[in-house]
Every structure is written in structure tokens, then in C-alpha cells.
Number of protein chains: 2
Amino acid sequence: MATLTYLTTTHFDFGAIAQLPAELENAGITKAFIATDAGLVAAGLVETVTNALGNAIQYSVYDGTPGNPTEEAVKEALEQYTQQGCDGVVALGGGSSMDLGKAVALLAGSGGPLAQYDPLEGGAKLIKSVAPVIAVPTTAGTGSEVSVGFVIILEDGRKMTFASPLFIPKAAICDPELTMGLPAGMTAATGMDAITHCIEAFLTPNVNPPAEGVALDGLWRGWQYLPAAVKDGQDREARWQMMMCSTEGALSFIKGLGAVHAMSHAAGRIRRLNLHHGTLNAVFLPAVLRFNASECEEKYVRLRQAMGLEPGADLAEAITRMNEEIGLPPGLRAMGIEDDDIPGLITYAMQDLSARSNPRPASEEDFEMMIRESL
Amino acid sequence: MATLTYLTTTHFDFGAIAQLPAELENAGITKAFIATDAGLVAAGLVETVTNALGNAIQYSVYDGTPGNPTEEAVKEALEQYTQQGCDGVVALGGGSSMDLGKAVALLAGSGGPLAQYDPLEGGAKLIKSVAPVIAVPTTAGTGSEVSVGFVIILEDGRKMTFASPLFIPKAAICDPELTMGLPAGMTAATGMDAITHCIEAFLTPNVNPPAEGVALDGLWRGWQYLPAAVKDGQDREARWQMMMCSTEGALSFIKGLGAVHAMSHAAGRIRRLNLHHGTLNAVFLPAVLRFNASECEEKYVRLRQAMGLEPGADLAEAITRMNEEIGLPPGLRAMGIEDDDIPGLITYAMQDLSARSNPRPASEEDFEMMIRESL
């Protein structure tokens, strides 16, 4: 039984940030907790947003979000939220800030600890309420602004995906202007995150044709415009299209994701490396496309069309060429992953929520093969 | 500024009708007004639905919905709704019953007359509330179960499109089982309605890429499966895919529609003929595809891909061939339209809401040309 539920109200265009005060008012937020990171303060984006707020709405800025957000950071942020008397969250940044903001909203509404909400253990039923979140992405990749999920590294070391329709932000404000200053490397890594979302969501066997259509449209845009966005960050058309690809990627992954994300989550929890999720997706994607090929013949035809490839073209090779063109690393070793990391990667990938919706079930041996192919 | 708002919860599969009692409870409906038509009573579908209701929920059946629903019928139905103390609507049927059900819900919540809610005159602002509607389609075409609109022939003769997010049903129950008995002619006509929705919604220049993706996915399904559904009404896969095409068509036309619908609405209001909306769409579509071609080069490439046509194939010809294959009339004359009807068609098409979102603006002369090409 497919249950198709569509999502949040999204204001999407250059200048959309002007909609923020109205959306805070709609959400009943009088004192906003701005969840962000120090880099965005330095880049002046936090100021852009607080300027847009005007005088009507008070706020408190938390800029301590780490690259892969941790439960410790969530607890620190929650303390500030409570002490400052905030009544809602503006999640401002890339996936990390938006994920941290969503986690704070969950704990503010329903109390801790986070681990009790593990969706694999039926934890979604324990959610009482979630404080309102308005999401303002500053990268084009995660799409967390319209997604049902967020990911936090727990104190016990697990990198856990939380998922519930209650985690969908009340509104998303997608202003490509906020991505114009993103450096080429981050543009490439986040862009491949969005493209991976579109591809993995399209491929999962869960039944949701509208989400598949959204995924293919996002892929069509992202595949055309990512090289241009990396080459010239001031290319406004490319920035708009990449942000749309990102939003569509997350609108589509309500269907689920797959083995790429299972392995990226497993690798993202290695603290000594603090690897970028989008870069990991880009590096794992070719091996997973080869692994899934036997189960996805008809869908690969449609992927090739969306990517403008010739009939029968090798999808994995196309991804490898794209990674090279936009300057992403050729494999896991170049990112610091060592042979000793592999057993842990396999264990955590097998346990990951996304592993369950891969089109071809993957055993430990399969994951080992895909990881070794990605080295 | 694109504002992307997605839609209703849809239960979609064979057997989905079992979800009806739970959705009525979710919507707070204790006595349901079942808006339907005499044909569905005769076909036993009303009994299928009342059997699914069980004992917990009372209901009152209105089976007087005409083929193109009129304001008179809406008023008659509203009287029954009020007298019977109903507190919500089950809109059961094709587009006509669903549209009538939505109109009753609007008047029950906000009072009459209907004409004051004309969206072209800012009437949406006058809506105070709308009684809850659960939509249960029995054809695969209109998609009204997930759409923001409904169409009623007013007492003054206008065929008016009403549109507001408030008109989206609280839930849609899409059970392809309910379409298994649909005769070949109605399967063809409603199927081309769905396909036209996908094509026109994709082509309107309004900005909503997710809706475009949904439109292309719906077209991909409908174009493959419509001949099979017409040929063998018991083909369950074809029935499932056509119902999905229909739902996706309406999910996508939140973007808007175009000149096909402007002319179909104009022709649908000719009372002596009482023409089927889907058949009209099928007959007008080739001329509109020729008219729009100069503005839609890139989009036509994607339409051809979704329809499995060769690069550069003539889209209008492909539609004409499909109409022939599935037994639809070759033109307006075969449906009873005469030369004397043409001035009225032009006048009403020019005034129609859908005319405003056609990719190429159409003048009176343009509409006359398209109508004459469709004769």
C-alpha cells in the first residue's frame, strides 16, 4: 500500500529570504532560535538573515553546529534554546545546521534522550510534539529543508537517522542568493549529495511514483548544471537549478534511500576524519550503481534519459567522470579511510535505515565488495 | 516567486477502500454525505463503499449528480446535506461527483451563492471554511481527488473553475478495483483526460519543477498503459497505472493548465450536447500541441522521451493516433458541435482561467484556428 504524502510550503527564488518574517509569524514563533555554524557567521549569512527578520521578532543565535552534528552539540543548543525562552527554530545552513535545528525542535517539544526516537525501534511513536522549524538552506545538497529526516551522531557512537512527518519544517525558504558564496569544493560535494538523493530515491522499490517523477526532474537539472555551478559560483541560473535539484532530491527521498547512504552514514561517523556526507555519496555511488544494475534495468533507461546519456551508457562511469570533472576525490583512500576502517563500515552500513530500501538486498560480503571498489 | 505546496494524503492500491472509515474518523466526520450519481448506484459501487463504512458511520446518499455538474444540482444536494445533518462529504465517482461534492462542502462551510467565489475576481478570499471531503475516484482521469479545483456550470451559463488549497480533499482513497467495471469508451475518455492534465501542466510556464516531474511520470505511465486498459478492462496492472496517471496528472496541474482546458470548458457548457470533458481534451490536444510548439522546444524533447517516441517525432500526430487506437471521435463535428457554436466557444475559452497559463498566449483568432483544426 503506497501512502503518498506531500510536504512543506517552499518559497523558492532569489530574494525568498524576505518571506522569513511572515513564515515565522505563520508558525507562531516570537523568539527564534537560529541554529547555524561559525562559518556562516563569518560569511555574513547570519547577518543577512537577522537583517531580514526586522524588529518584530527576537532571536538567539547558536553557531556551534559541528560538521557532522553530535548529540553533545544538540544538548548544548537545547540548553541555550531553553535559557533564552525560544519558541521555534530557524535552521540556517547546510545539512548539519538543519539537522541540529530539527533535533533541538524535537527535544524542545518531546524531551530527551534522542536515542529513544530511533525509528528502527518504533521510536517515532514517542514523539509528543516538535517545536516549529523554518528551514533556510545555504547549500544546495541536503534538501533537509523539505525532508522528513535528520541525522545525528549519538553519544554511543551511532550515526542515527531519525524520520517522521513531524520533522518536516513548517516552511522552507530556498534563496539561491545564499549559496552564491559557496566555494567550488563545497558546491561540488553538496551538489553530488543532491544528485545521489535523486538517484537513490528513484531506485528504491518502495511505491511512490510522484516522488520518482520529482527525483528524475531533480536529476535532470542537477546533472546539467552542477559543472557550471562548480566552475563559476556567480552563475545565477546554475545556482537556482542546483538548489532546485537539492529540494527535489529531498522531496523524493520520502520514498527511501539505499546502499550509498548506508555506507556514507557509516563512514560519516568516523570522528578522526569528519568526512563530508556529499563527498562520501559521490564516491560510493558508482559501486552501488554497478551492484544494483541487475535489479533496475527499466529504471536505468529512465536515469540515462534524465542525464542526457546515450542508450546503454554505463551510469557508474558517468558518475566517476562527473566526480573527476568537478574535482571530488577518486576514492575513500584519498579521503583518509584505511583498511582497518572497513569492518566498522560494514557493520554500521548493515544496521543503517537506508540499507533496508536498497533495490537489491546487500549482504556483509556485498557491502565489503562495494567498499573495496570505492577505495 | 514559485510557491511549491504539496498536497493530500493518498491511499493508493487495490483494496484501499478499507481505509475509508479511518479517514472519515481522522476528518471528524460522523455523518457522511455521499455525493455520487445514479450510474454508480446501479453499478454497485455505492454499495461497495457503504459496506466498507461499517456500522460506526452514518451516511446519506445523493445520487443526482449530472454529467457536467450544475449549480442547480449543487443546491439540491446542499439541501439534502443540511436536512440530513451531515458534517462532511464522501465524493464518490468521476470528476462530476467529486466536483459536486467539493462544491457542497464549500457552500456548507461558507454559504452561497457559488459565483462569489470566482477565483478570477478574488473570490477565494471570501471562503470562511470548507466542510471536510474524502474523495474516492471511480474513474482514472480527473484526478479531482488530489486537486485544488472543481468546475461547476453556474445558473448564468458560465462553466466556472473554482480553485483554492482549501478544496484539496482531506484524504484521497484511490482503489483501482473501483475502476475495473468502467466501459472501454469511458476508460479511453477519462484516460485521455489524465494524459492531457500531465501534458498541459508540464507545459505551462509557471515555475514548479516538482510538479513537472510528477507530470512526466504520470504521462510515462498513462501513455504505456491506456491502450491496454481500454482493450481489457480486467487488466489490473493497466488499471493501477491509469489511476496513478490520473492522480499524478492532478498533482501536477497545481501548476496550471492551458488552452486545451480553456476550450474543453467552453465546449462542456453546451447543454444540448453534454459532452465528456476527457473526450474534448483528447480532441483539442493535437491542435494545441501544434500551436504551442514554437514556445516549448526543450519541453517537447522531454515529452517525447516520456512517451517513448523517437527524437523529433510529431507530438500532435502521436495524440491523433492514440485517439484513433482507443476509439475516441476524430473531431468536434462527430461530437455534434456545429459552426454556429464556434463564436461561443471562442468567447468562453478566452475568459477561462486555464487560458491564462497556456505557454503561448492565444488570441481570439488563435482560438478560432485551433477550434477549426479540431472540427
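# A guided look at chains A and B

Let's start inside chain A, where Ile319(A) sits in helix H12, residues 315-325. This is a predicted model, with an ipTM of 0.89 and a pTM of 0.91. Chain A has a mean pLDDT of 94, with 98% of its residues at 70 or more. The points below move from that isoleucine to the domains, the helices, the core and a few backbone details.

**Ile319(A) and its surroundings**

- Ile319(A) counts as buried because it has 26 C-beta neighbours inside 10 Å, and 20 or more are enough for that class.
- Beyond the four places on either side of it in sequence, Ile319(A) makes contact with Leu285(A), Pro286(A) and Leu289(A).
- Ile195(A) is 124 residues away from Ile319(A) in sequence, yet their C-alpha atoms are 9.8 Å apart in space.

**Confidence in chain A**

- Residues 1-5 of chain A have pLDDT under 50, and the model gives this stretch 15 contacts beyond four places in sequence.
- Where pLDDT is low, predicted coordinates should not be read in detail.

**The two domains of chain A**

- Chain A splits into domain 1, covering 9-178, and domain 2, covering 182-373.
- The centres of these two domains of chain A, taken over C-alpha atoms, are 24 Å apart.
- Domain 1 of chain A brings 26 residues to the contact and domain 2 of chain A brings 28.
- On the domain 1 side of chain A, the elements giving two or more residues are strand S2 (9-12), strand S7 (149-153) and strand S8 (159-163).
- That side of domain 1 of chain A is made up of 11 nonpolar, 13 polar and 2 charged residues.

**Helices worth a look**

- Helix H8 of chain A (residues 236-252) has 17 residues, and its first and last C-alpha atoms are 24 Å apart, close to the 24 Å expected at 1.5 Å a residue.
- H8(A) is mostly covered, with 15 of its 17 residues buried.
- Helix H5 of chain B (residues 95-110) has 16 residues, which at 1.5 Å a residue should span 22 Å; the end C-alpha atoms are 22 Å apart, so the two values agree.
- Because 14 of its 16 residues are buried, H5(B) is largely enclosed by the rest of the structure.
- In helix H13 of chain B (residues 342-351), the residues Leu345(B), Ile346(B), Tyr348(B) and Ala349(B) are buried.
- The cover over the buried residues of H13(B) includes H9 and helix H14 (364-373) of chain B.

**Core and packing**

- The largest nonpolar core contains 257 residues, and those with the most contacts inside it are Val104(A), Met263(A), Val104(B) and Met263(B).
- Setting aside neighbours within four places in sequence, Val104(B) is in contact with Phe33(B), Ala35(B), Val74(B), Ala77(B), Leu78(B), Tyr81(B) and Val89(B).
- Over in chain A, Gly278(A) belongs to helix H10.
- Gly278(A) is buried because 27 other C-beta atoms lie within 10 Å.
- Contacts of Gly278(A) beyond four places in sequence are with Gly141(A), Ala189(A), Thr190(A), Met192(A) and Asp193(A).
- Ala262(A) is 16 residues from Gly278(A) along the chain, and 13 Å separate their C-alpha atoms.

**Backbone details to check**

- As background for this group, most residues other than glycine have a negative phi, and most peptide bonds are trans.
- In chain A, the peptide bond from Gly112(A) to Pro113(A) is cis, with omega near -5 degrees.
- Pro113(A) lies in the loop between helix H5 (95-110) and strand S6 (133-137) of chain A.
- In chain B, Gly112(B) and Pro113(B) are joined by a cis peptide bond with omega about -5 degrees.
- Pro113(B) lies in the loop between H5 and strand S6 (133-137) of chain B.
- Asn274(A) is not a glycine, but its phi is positive, at about 50 degrees.
- The loop between helix H9 (259-268) and helix H10 (277-292) of chain A holds Asn274(A), which counts as exposed because it has 12 C-beta neighbours inside 10 Å.
- Asn274(B), also a residue other than glycine, has a positive phi near 50 degrees.
- Asn274(B) sits in the loop between helix H9 (259-268) and helix H10 (277-292) of chain B, and with 12 other C-beta atoms within 10 Å it is exposed.

Notes: Residues numbered from 1 in each chain as written. Chains lettered and ligands numbered in written order. Predicted model: local features only at pLDDT ≥ 70, side-chain atom pairs only at ≥ 80, totals over all residues. Helix = DSSP H or I, 4+ residues; strand = E, 2+ residues; numbered from the N terminus. Contact = placed C-beta atoms within 7 Å. Expected span 1.5 Å × (residues − 1). Core = buried A, V, L, I, M, F, W, Y, C linked by C-beta atoms within 7 Å. Domains from an automatic or database assignment. Nonpolar A, V, L, I, M, F, W, Y, C, P; charged D, E, K, R; others polar. pLDDT = per-residue confidence, 0-100.
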